[in-house]
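Reader: Could you walk me through this model and tell me what each label rests on?

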Amino acid sequence: MTEKKKRRHLLRTIILVILASAVVYTLYANFTKESREKIAVGDHAPDFILTDMEGNKHKLSDYKGKGVFLNFWATWCKPCEREMPYMDNQYQAFKSQGVEILAVNVGQPEFSIKKFVEKHDLSFPILKDSNKDVMGAYDIYNLPATILIDPDGKIIEIIEGELPEKKIIAMMESIKP
């Protein structure tokens with residue numbers, strides 16, 4: 001075999017090994033996805049610690065005794081952008097009644113998040129999930145997504161998609177202590 005043929009043979013072998021590995025991983029992931037735990041209504045909300053835009057740490061379990069409106073979003077998400085002002089309006093109305101909003105940005109640079117927050121003059125805590133670990137723990141794939149957590153830390157509702165202001169009001173009422 002010539003040197004050129006040996007290199008070509010080696011390259012083809014490497015490509016085949018990579019493709020075979022990808023197929024095996026995909027099959028494994030699909031066959032085991034049901035066995036992996038998914039969160040559901042009635043479950044205790046998985047605890048997490050995330051940092052907000054000011055560098056403060058927020059631990060979900062520290063909010064025990066309050067209702068938590070946990071929202072996953074991104075700056076590129078138009079439905080997220082449309083619901084944010086409604087969320088801020090209701091945060092102002094409900095924060096004195098024991099309801100918190102924790103808005104979790106998933107994997108975006110701080111500069112983009114800051115511009116978005118300033119543009120919409122948001123007052124609730126914006127948390128950064130840089131590695132998307134919390135997004136994964138909550139089994140979130142579509143944005144926006146909202147998880148309602150009661151004062152005991154139990155999940156009472158999981159919603160994917162944009163929320164109109166009337167729905168946000170009803171949701172905040174449902175998690176008041």
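What follows is a chat about the labels and the values behind them.

Author: Before we start, this is a predicted model, with local features needing pLDDT of at least 70, side-chain atom pairs counting only at pLDDT 80 or more, and totals for chains, interfaces and linings using all residues. Residues are numbered from 1 along each chain as its sequence is written, and side-chain values use heavy atoms, with hydrogens and water left out.

Reader: What makes C77 and C80 a disulfide?

Author: Their sulfur atoms are 2.3 Å apart, and a disulfide here is a pair of cysteine sulfur atoms within 2.5 Å, so the pair qualifies. A search of the whole structure finds one disulfide. The torsion about the S-S bond of C77 and C80 is about 80°, so this disulfide is right-handed. Both cysteines, C77 and C80, are buried, too.

Reader: How do you know that β4 is mostly covered?

Author: Eight of the eight residues in β4 (residues 99-106) are buried. Buried means under 20% relative accessible area, exposed over 50%, and partly exposed in between, with a 1.4 Å probe and protein chains only. V99, I101, A103 and N105 point one way, E100, L102, V104 and V106 the other way, and all are buried.

Reader: What makes β3 and β4 a pair?

Author: Two strands pair if DSSP finds at least two bridges between them. Seven bridges join β3 (residues 67-73) to β4, so they pass, and they run parallel. L70 stands opposite L102 in β4. On to β5 (residues 126-129): β4 pairs with β5 over four bridges, also in the parallel sense, and N105 has K128 as its bridge partner.

Reader: Why is the unit of β3, α2 and β4 called right-handed?

Author: A crossover is right-handed if, with the strands pointing away from the viewer, the path from the first strand over the helix to the second runs clockwise. β3, helix α2 (residues 78-94) and β4 make a right-handed β-α-β unit. β4, helix α3 (residues 110-120) and β5 make a right-handed one as well.

Reader: What makes β2 and β7 edge strands?

Author: The open sheet has seven strands in the order β2-β1-β5-β4-β3-β6-β7, with mixed pairing. β2 (57-59) and β7 (155-160) each have a single partner strand, so one side of each is left without a neighbour in the sheet. Five bridges join β6 (residues 145-149) to β7, and these two run antiparallel.

Reader: Which peptide bond is cis?

Author: The one from L143 to P144, with omega near -5°. P144 sits in the loop between α4 (133-137) and β6.
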